[in-house]
Amino acid sequence: MIYIIILSSICIFLYSSMLIWFIVGNLINKASITNSRLEPISVIIAIRNGEKSLPKLIHNLKSQDYKGPIEFILVDDDSDDATREIITQQSSLDNRFILEFSNNGDPNLKYKKRALDAGIKRAKNEWLLFTDVDCQLSPDWVSEMAKFFDSKIQYIIGFSGVDRGNNLVTKFQSLDFLMLMIAARGTANWGTPWASSGQNQAYRKSLYNSIGGFSKISKYLQGDDSLFLQLSRKSSTSKIVFVDSFKSRTRARQEKNIKSLFKQRLRWAGDAKIMWKFNPMFFLSMITTYFHALLLSIMLLIGIFNNYFFSIIFYLLIIHIFIEFILYITATVCFNKRIRIVDFIIWSIFHIFFVVIVGSTSLLYNKLSWRGRLNY
């Protein structure tokens, strides 16, 4: 058992060091507005069976207050509902809306990456802005993101959050997403960005073409955001910035039951499993987080029957919760969020087991379905 204690101590040291690195990164820098020009923009959204969300999305896009040239490319990703008809109707009313089809994308790509590739090929503008069909957008979203479309910047990571909601699952998801965003912001501010979300990001079409699009990650199920970000980081010396201004934020879909939340995280785990090929430090951080949570879980179980172990796990948990709380406070300050102590305590405890379960079952991620289509 002494080996478990030693390994746990090493893991909590590494885990705490990583979180401190995130915290310091959030304190040392912040992206500043540099551009006042009205750049031509292509907003690209891949849509698979989105008939329920499309009316709200179209309303949000029509409400954008951006004064510069803009087009909305809505890519039908082989939907079998009324997605195509809704987009067709809207494009006949407003020529800014363009219907595109995923089968016009690179045939070597699959699913969302192929749909996005089709949209990018169709785009006539240099700056490409992305979100998802289920996201909610403020009227200032495009104009606020466009303020950072500077000649020295190639890639913009935007903030995406989840409304807190009224049940434990949405409260957990909301805080978990907030912690992921503050980690992404910290790494970006250090100049070594680790993660981005397809729910809110932008990059140059010339960057996409220079990398070869998604061709280097074509065999992976996921990858249109964080994996592509790693390719962009390696290929370009231009700045990649995290933008967190309030009006530039998007709101993502709530997962209202634990099953759908687990399925979402398992899909995301597709990136994690092969991240070592693109960013060894990021991969090491994920391994550290997993084994730290696993060892804490094992010690908690042993501690039920062993008072000595219980006292040790108590002190390790105190350190664990304390350092995560500092990161949480950093997130509430940087993102102007209300501090909710009870939510944090619930998240911090359950997050340990959540990480273990998702990490242990991530090998099954390619067996999941997404909007009626198996992810093989």
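1. Helices (H or I, at least four residues) and strands (E, at least two) are taken here as DSSP runs, numbered from the N terminus. On that basis the protein chain holds twelve helices and twelve strands. The model is predicted, and local features need pLDDT of at least 70, side-chain atom pairs count only at pLDDT 80 or more, while totals for chains, interfaces and linings use all residues. Residues are numbered from 1 along each chain as its sequence is written, and side-chain values use heavy atoms, with hydrogens and water left out.

2. For 376 residues a compact globule would have a radius of gyration near 21 Å, and the protein chain agrees, with 21 Å (taken over C-alpha atoms; the rule is 2.2 Å times the number of residues to the power 0.38). Buried residues (under 20% relative accessible area, 1.4 Å probe, protein chains only) make up 56% of the 376 in the protein chain.

3. Helix α1, residues 2-28, has 27 residues and reaches 39 Å from its first C-alpha to its last, close to the 39 Å expected at 1.5 Å a residue (1.5 Å times one less than the number of residues). Its buried residues include Ile 5, Ile 12, Leu 19 and Phe 22, and their cover, counted by contact (heavy atoms within 4.5 Å), includes α6 (168-189), α10 (280-303) and α11.

4. Helix α11, residues 307-334, has 28 residues and reaches 40 Å between its first and last C-alpha, close to the 40 Å expected. Just after α11, Asn 336 takes a positive phi of about 55°.

Note on methods. Buried means under 20% relative accessible area, exposed over 50%, partly exposed in between (1.4 Å probe, protein chains only).
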